[in-house]
Amino acid sequence: MEHVITKTHVDEAAAYVRTRASVEEGALALVLGSGLGGLAAAIEDGVCIDYADVPHMVPSTAPDHAGRFVIGTIAGRQVICMQGRLHAYEGNSPQQIAFPICLMGALGATELVVTNAAGGINVAFGVGDLMLIEDHINLLGANPLAAPDEPELFPRFFDMTQAYSPALRTRAREAAASCGIELREGVYIATLGPSFETPAEIRAFRTLGADAVGMSTVFEVTAARAMGMEVLGISMISNPAAGVFDEPLSIDDVYIAARQATHKLEELLLAYVAE
Ligand code: HPA
């Protein structure tokens with residue numbers, strides 16, 4: 001099978017990263033979503049490593065995704081950041097998308113903070129709102145761990161009842177309160193893309209219990225849980241989902257909203273890491 005995540009490949013990638021930067025056990029892994037890459041500027045003394053240079057990794061082709069790791073510190077805590085992520089809509093396999101998460105886990109990251117831009121399904125949400133992800137629905141039709149068993153890397157079956165850590169969500173709520181940022185909470189549903197959804201799909205997703213829709217995050221969180229990492233997820237609501245208003249969706253609006261919300265998300269992340 002192509003693109004299977006093996007311990008050998010993860011170890012080779014980790015060995016390469018260690019030639020460029022040291023990563024401590026307990027580091028925070030951070031994935032920056034569409035339009036949110038500017039958050040990497042908050043990382044001090046960052047060493048940048050292009051995905052294309054890392055053995056067994058694929059480069060990011062999505063617009064506005066830098067496609068590199070930035071390894072440094074935020075508020076004294078070591079951070080390994082993905083400035084730009086990999087998506088299924090780029091033609092990447094679930095395993096190619098999950099690989100860097102496994103790599104960051106192997107390097108010593110014990111906590112993953114994932115961010116994304118998402119369409120608001122919940123009609124109470126406004127553009128620019130931040131939503132703490134309480135759970136997700138995987139409509140991608142695949143799972144990055146569906147591969148020959150690799151017991152040295154992850155268990156065959158693992159629990160997803162607390163995929164998004166209740167303790168980390170409490171910390172995020174406290175951080176938001178400390179800087180006066182209002183946090184929404186809800187369920188994220190992942191679709192393949194790259195087309196946006198139809199209004200009928202969005203109505204169906206609302207019935208399924210979803211509050212926001214996007215094209216990422218779920219494979220990464222699944223891999224992180226398999227690696228035993230604790231996960232926090234934050235969606236930035238970049239647009240009302242299809243059909244919520246009678247307007248066509250545009251990726252430019254997504255990027256504009258994300259860039260405008262970057263400052264708020266940065267403030268929240270700094271307070272969260274400092275807690
Ligand atoms: N749908 C899917 N993905 C998205 C959206 C959306 O409306 N907005 C940002 N990412």
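# Close-up views of the chain

**View 1. Besides neighbours within four places in sequence, T222 contacts H136, N143, P144, L145, F158 and M160.** Contact means that heavy atoms lie within 4.5 Å. The model is predicted: local features need pLDDT of at least 70, side-chain atom pairs count only at pLDDT 80 or more, and totals for chains, interfaces and linings use all residues. Residues are numbered from 1 along each chain as its sequence is written, and side-chain values use heavy atoms, with hydrogens and water left out. T222 belongs to helix α5, residues 218–226. Helices (H or I, at least four residues) and strands (E, at least two) are DSSP runs, numbered from the N terminus. T222 counts as buried because its relative accessibility is 5%. Buried means under 20% relative accessible area, exposed over 50%, and partly exposed in between, with a 1.4 Å probe and protein chains only.

**View 2. I137 sits in strand β6, which spans residues 130–138.** Its relative accessibility is 22%, so I137 counts as partly exposed. Apart from neighbours within four places in sequence, I137 touches V187, Y188, I189, A190, L208, A210 and V218. L107 is 30 residues from I137 in sequence, and the two C-alpha atoms are 28 Å apart in space.

**View 3. The largest nonpolar core has 54 residues.** Such a core is a set of buried Ala, Val, Leu, Ile, Met, Phe, Trp, Tyr and Cys residues joined through side-chain atoms within 4.5 Å. F69, I80, I101, L103, M104 and L112 touch the most other members. Helix α2 (residues 94–107) gives the most to this core, with 8 residues. A second, separate core holds 33 residues, among them L36, A40, I43 and A176.

**View 4. A cis peptide bond joins G193 to P194, with omega near 5 degrees.** P194 is part of the loop between β7 (183–190) and α4 (199–208). Most residues other than glycine have a negative phi, and most peptide bonds are trans.

**View 5. D45 and T217 are residues other than glycine with a positive phi.** In D45, phi is near 55 degrees; in T217, phi is about 75 degrees. D45 lies in strand β2, residues 44–50, and T217 lies in the loop between β8 (212–214) and α5. D45 is exposed because its relative accessible area is 71%. T217 is buried, with a relative accessible area of 1%.

View 6. Along the principal axes, the C-alpha atoms fill a box of roughly 50 × 40 × 35 Å. Buried residues make up 56% of the 275 residues. Among contacts with a separation of 6 or more, 83% join residues 24 or more positions apart.
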